[in-house]
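I am opening this notebook to record what I looked up in the structure, beginning with the chain as a whole and then turning to one pair of packed helices.

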Amino acid sequence: MTHLLHRSIHASLPVAVRGEGIHLFDATGKAYIDASGGAAVSCLGHAHPDVLAALHAQLDRIAYAHTGFFTTEVAEELADRLVDDAPEGLDHVYLVSGGSEAVEAALKMARQYFVEKGEPQRRHIIARRQSYHGNTLGALATGGNEWRRAQFKPLLIETHHIDPCYAYRLQMPDESDEAYAARAAGELEAKILKLGADQVIAFVAETVVGATAGAVPPVADYLKRIRAICDKYGVLLILDEVMCGMGRTGTLHACEQDGVSPDIVTIAKGLGGGYQPVGAVLLSKRIFDAFALGSGFFQHGHTYMGHPMAAAAGLAVQTILKRDGLLGNVRAMGNHLETCLVERLGNHRHVGDIRGRGLFRGVELVKDRATKKPFDAGLKLNARIKKEAMTRGLMVYPMGGTIDGQNGDHVLLAPPFIVGKSD
Ligand code: PLP
C-alpha cells in the first residue's frame, strides 16, 4: 500500500527511474517513447546535458531568495529573454511555478488593471466551453471542461462560456472558413453585449486547444476577429498558451501564426521543459503602466515565484531551443508526423479527424465517421488507450470527451522537439 495519494487511486503505475532523449525507463528497464512529452511538457526530451549543467551551476550559485527581498540575475535574464521573443507589445514578465498559477495570476492581473484604471465595476470573465485552464479554483472556473468542474461548482466564481472554434464539429458543411470565423467570434460580441460592455474584464482562450479537445487550432481569421471585438469594447484578451506555447506549434508563441498579440499570455510546460516547475505571465505595457502609475503593487504573490532554479531551467531550455534551431525541427517533424498519421490512420473507421500544428497533433476518435458520433465511453476509452500504449512502450495523452458537442474522444501527441524521422 502506498502512502502517496496518486491521481488515480487504483491505478498501478510503473516506477520511472531514468530518462534519456525521447525515452523514459521504468524500474524493470522497460523503455517508453515519450510521444506526448508527458502532458506536452518535455520539449527537449529527458536528461539534456546542457540543461543539467545549467541547473547544477545555478544550484552552486544560489537556490532560493525570496522575491520580497531580492531579485536574482537568472530571473532578470529569463524575463529579458522572454520579452525579446514575445508577441508585439508584451514587455513585462511575471514568473510563477506552473500553468494554473499563471492563469490565476493573469485573471487577477486583468481585474486589478481595471481597478487601477478606475473601472472597478468590471467583473465578468468570458471563456469557451472547450477549454482547460488549470485545476486551481479560478482557473477551473474559467475552463469549460464539465468533467473537471462538476463537483466543485459551488466553489467556482461565475464565468461565462461561449462555443469554441471547433471546425470538425461546429462548422456547417456549406460554411466557408471566413463565415465560420465570423459566426464563432460573433458569439463573443453577443456575450459582451449581453453582460454589458463596461462590465467585462477579459476573454480567455487557448490559442490551440490542448488537453480538452486534442490540438484544435482556430480557423483562419478567428483570432483576428476576437482581437478586434476585444478592442472595440475595451475587453482584455488573455491567451492561454500553457500547453500550445513555447515552440510546440512551430513558432515560439502559437498566436504568431494567427497574426494577433494578446494583452496577456500565459506560458508554462515547455518553458522549462519539465526540468523545473516554472510558468510565466507576459503582459502588455499598458497593463504594466496602469500598475506603475497606480498602486505600484500587484496584489498577488507566491513564496516560490521567480525561483532561481526554475528560472535557470527556463533560461537553459529557451537558450537551447534557439541555439539548436529546434523550431525548424518542430515544423519539419510536425509535417512528417501529420503525413504519417493521415497515411496510416486517415481511413480508419474510428478516426474522425486529424489536426494540429507543429509537434502538437490530435486524433479524434469516433464510433461512426459519418455521423461523428462519439464512443460515449468517456474515461474508460481513455484509460484503455493509455494502458494499451504503455504496454507497447509508448506514452500518448488520450482524453475522454464530455459528449456535449464541445469535446470528442481524442489522443494528443506532443513529442519532444528533438525527435527525428527514425524515432
Ligand atoms: N492551461 C492549459 C492550456 C493547460 O493545458 C494546463 C495544463 O494542462 C494548465 C493551464 C494548467 O497547468 P498546470 O498543470 O501546470 O497547473
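What share of the contacts in the protein chain with a separation of 6 or more comes from residues 24 or more positions apart? Working on a predicted model, I found that such residues account for 73% of those contacts.

Next I looked up the secondary structure, and I noted 13 helices and 15 strands in the protein chain. The radius of gyration is 21 Å, close to the 22 Å that the globule rule gives for 423 residues, so I put the chain down as being as compact as a globular protein of that length. Along the principal axes, the C-alpha atoms fill a box of roughly 60 × 60 × 45 Å. For burial, I recorded that 48% of the 423 residues count as buried.

I then turned to the helix pair, for which I wanted an angle and a distance, because two packed helices are described by the angle between their axes and the distance between the axes. The axes of helix H8, residues 177-195, and helix H9, residues 222-233, come within 9 Å and cross at roughly 20°.

Terms used
Residues are numbered from 1 along each chain as its sequence is written. This is a predicted model: local features need pLDDT of at least 70, side-chain atom pairs count only at pLDDT 80 or more; totals for chains, interfaces and linings use all residues. Helices (H or I, at least four residues) and strands (E, at least two) are DSSP runs, numbered from the N terminus. The radius of gyration is taken over C-alpha atoms; the globule rule is 2.2 Å times the number of residues to the power 0.38. A residue is buried if 20 or more other C-beta atoms lie within 10 Å of its own, exposed if 12 or fewer, and partly exposed in between; C-beta atoms are placed from the backbone. Two residues are in contact if their C-beta atoms, placed from the backbone, lie within 7 Å. Axes are lines fitted to C-alpha atoms, for helices over the stretch in contact, and angles run from 0 to 180 degrees between N-to-C directions.
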